[in-house]
Amino acid sequence: MRLRAGSVIADFLRAARGLAYGGRRGIRNLAAGLAIVAGGFAPAHAEDVILAFGDSLTAGYGLPVEEGFVPQLEAWLREAGADVRVLNGGVSGDTTAMGRARLGWALGDGPDLMILTLGANDMLRGMDPADARDNLEAMIEEAEASGARVLLVGMSAAGNYGAGYREAFDGMYPALAEAHGLTLYGDFFAPLLGADLESAREEYIQPDGLHPNAAGVARIVEGLGPVVLDELAELPGGAG
């Protein structure tokens with residue numbers, strides 16, 4: 001039996017109708033399917049889309065655009081051989097509640113992987129870790145329902161809120177990762193913590209004492225990048 005390419009393409013187009021929420025992933029799948037038909041069923045690869053979703057740490061606060069977390073991460077991943085596009089879903093000042101409120105819109109780009117890095121502003125404002133945990137869990141569930149894999153990135157509480165607060169805040173990330181079977185990257189700042197604290201502040205932190213400078217972001221990306229590559233390898237079809 002001969003397969004008529006025109007008929008198959010028509011089937012793909014009919015299947016693509018009505019794409020809305022997460023529609024870009026459907027369009028990428030459609031494009032890959034059409035490439036298979038046009039290329040005599042040769043395998044085709046569409047780039048993996050990563051949504052970096054977080055606050056000012058993700059957004060690249062205080063840095064030229066090209067030196068922020070998202071551009072540096074995308075460049076690192078591409079240098080490592082991954083065919084990826086990293087979307088900047090960072091909004092400075094966002095708490096977990098704010099992120100939860102806007103996540104549906106961000107997922108409209110149909111990411112394959114979401115890097116979730118929120119909670120720092122909850123901690124800085126002394127908000128209840130139980131509320132932050134509820135918000136993070138809702139975001140995890142919403143992202144997974146959209147078809148995205150989730151990589152959870154933790155934060156560490158400052159000591160000035162007391163041991164009980166710190167235990168509850170720091171503990172919510174591993175608890176959520178275990179409950180949802182996620183990979184946990186324990187602390188966004190982990191690559192900077194091995195250095196002498198005062199030296200790290202001088203070399204890797206902006207004058208505000210909170211946000212990494214370009215060199216600090218580079219070290220953070222070097223630590224997180226291999227974990228992201230592992231997550232990409234778990235996607236259907238393997239890493240880009």
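In strand β3, Met114 is the bridge partner of Leu51. This contact belongs to a pairing of β1 with β3 (residues 113-117) that is parallel and spans five bridges. The model is predicted.

On another flank, β1 pairs with strand β2 (residues 84-90), again in the parallel sense, over seven bridges. Here Asp48 has Val84 of β2 as its bridge partner.

These pairings are part of an open sheet. Five strands build it, in the order β2-β1-β3-β4-β5, with parallel pairing. The edges are held by β2 and β5 (183-185); each has a single partner strand, so one side of each lacks a neighbour in the sheet. On average, neighbouring strands are turned by 20° against each other, direction ignored. Strand β4 (residues 149-153) and β5 run parallel and are joined by three bridges. Leu152 finds its bridge partner in Leu184 of β5.

Strand β1 (residues 48-54) is largely enclosed by the rest of the structure, because seven of its seven residues are buried. In a regular strand, side chains alternate between the two faces of the sheet. Both faces of β1 are covered. Asp48, Ile50, Ala52 and Gly54 are buried on one side, and Val49, Leu51 and Phe53 are buried on the other.

Helices also lie across the strands. Helix α4 (residues 69-79) lies across β1, β2 and β3 and runs at about 165° to β2. Helix α8 (residues 163-180) lies across β4 and β5, at about 160° to β4.

Conventions: Residues numbered from 1 in each chain as written. Predicted model: local features only at pLDDT ≥ 70, side-chain atom pairs only at ≥ 80, totals over all residues. Heavy atoms only, no water. Buried < 20%, exposed > 50% of the residue type's maximum accessible area, 1.4 Å probe, protein only. Helix = DSSP H or I, 4+ residues; strand = E, 2+ residues; numbered from the N terminus. Pairing = 2+ DSSP bridges. Axes fitted to C-alpha atoms, helices over the stretch in contact; angles between N-to-C directions. Contact = heavy atoms within 4.5 Å.
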